Every structure is written in structure tokens, then in C-alpha cells.
Amino acid sequence: MVRFKNRYVLCEVVAEEPRGRHCIEDRAVGTAVRDAIARAYGDYGLACCSVSFTVKYLNAYTGTVLLRCRKDFHRLLCSALPLVRQLESRGLRCPCFLSTLHVGGTIRSCQKFLIQHNRRQLLTLLQNCTNEEERQRIRQSVLSCSLTEGQSQSGDEEEEDDTETD
């Protein structure tokens with residue numbers, strides 16, 4: 001049995017209209033990324049990245065996307081992400097781009113980074129608050145951002161996809 005190592009790329013969908021992110025589906029993101037890879041690197045790049053490429057997680061509300069690809073070809077994927085200019089889903093075109101936040105070896109490392117990233121975002125919001133009620137809500141959000149032992153078991157999902165046989 002041979003174990004193929006993967007890389008997980010954590011991205012953020014930055015849309016011109018925040019309401020446009022709600023129509024995003026994982027199939028649309030996967031198609032747009034594959035098209036960008038094909039435009040940048042042709043059939044060779046598409047074949048290299050398509051072997052184990054998948055959209056592992058998509059949160060349309062926050063615009064967070066987790067992509068998986070083989071370790072050997074994650075640089076092809078990362079360099080093609082800026083070429084994504086729009087996502088098409090359900091007949092709607094959403095002009096947007098993908099901003100790479102983190103590249104990790106496991107889903108768990110991406111989860112840890114995402115928690116820290118969200119904390120920094122909340123602290124920035126806290127500094128820009130105008131009244132005390134907003135400050136209290138944001139403080140409560142910052143204090144509730146933690147990864148407990150019960151949640152850490154969900155980070156072990158990547159183990160099932162890491163093995164392949166000859």
C-alpha cells in the first residue's frame with residue numbers, strides 16, 4: 001500500500017457583492033479552478049492536478065473554501081487560483097476571486113489557522129465598533145472561539161482519503 005501525501009489549500013471567496021456568495025456551490029468552485037488550471041498549464045497541468053483534486057469544504061456564508069490536491073502539484077494549483085474571475089452556479093454568474101489564506105498538510109492544520117484568522121478579523125471589528133452593545137457581542141464571539149477536544153475528532157477526516165493501493 002502506498003500513501004500519497006496531499007496538501008490542503010484554504011481560500012476565501014472575495015465577491016464584489018457579499019450577497020453573491022450565497023449562490024456558490026462546491027461543484028462551481030471545482031469547475032472554475034479546473035478551468036483556471038487548464039488555461040494556465042494546459043492539459044498537462046489539468047491532468048496533474050485532477051488526480052486527487054477535490055473541494056473538501058465550502059461555507060458559502062463565510063466564503064471559506066478548502067481544496068485538496070497532491071503534494072507534488074499544489075504549486076500549480078496555488079498559481080492558477082488568481083486566474084479565477086467568476087463562479088457560475090444555478091445559471092448565475094458571480095464575479096469574484098479566490099484569495100489563498102493558508103496551505104497545510106492536514107485539514108486540522110487548516111482548521112487551526114482558520115480559527116486564528118477569524119479571531120484576528122473579530123479583533124479588527126472590535127476596534128471599529130461604535131457603541132458598547134456591538135463591543136459586547138464581538139467580545140463574546142472572540143471568547144467563544146476555541147477548538148475543544150470534542151471538535152478535534154472531526155479533523156481526522158483526511159485520514160480516510162490518504163491511502164491508495166497499487
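1. Start with Cys48: its relative accessibility is 10%, so Cys48 counts as buried (buried is under 20% relative accessible area, exposed over 50%, partly exposed in between, with a 1.4 Å probe and protein chains only). Keep in mind that this is a predicted model, where local features need pLDDT of at least 70, side-chain atom pairs count only at pLDDT 80 or more, and totals for chains, interfaces and linings use all residues. Residues are numbered from 1 along each chain as its sequence is written, and side-chain values use heavy atoms, leaving out hydrogens and water.

2. Cys48 is in none, and its nearest cysteine sulfur, in Cys49, sits 6.4 Å away. Cys94 is buried too, at 5%, and its sulfur is 4.5 Å from the closest one, in Cys96, which is too far for a bond.

3. Now the sheet: 5 strands make an open, antiparallel one, ordered E3-E4-E2-E6-E5 (strands are DSSP runs of E, at least two residues, and helices are runs of H or I, at least four, numbered from the N terminus; two strands pair if DSSP finds at least two bridges between them). E3 (54–59) and E5 (86–89) are the edge strands, each pairing on one side only.

4. Zoom in on E3 and E4, which are antiparallel and joined by 5 bridges. Tyr57 stands opposite Leu66 in E4. Arg68 is also found in E4 (residues 64–70), and with 10% relative accessibility, Arg68 counts as buried.

Terms used. A disulfide is a pair of cysteine sulfur atoms within 2.5 Å.
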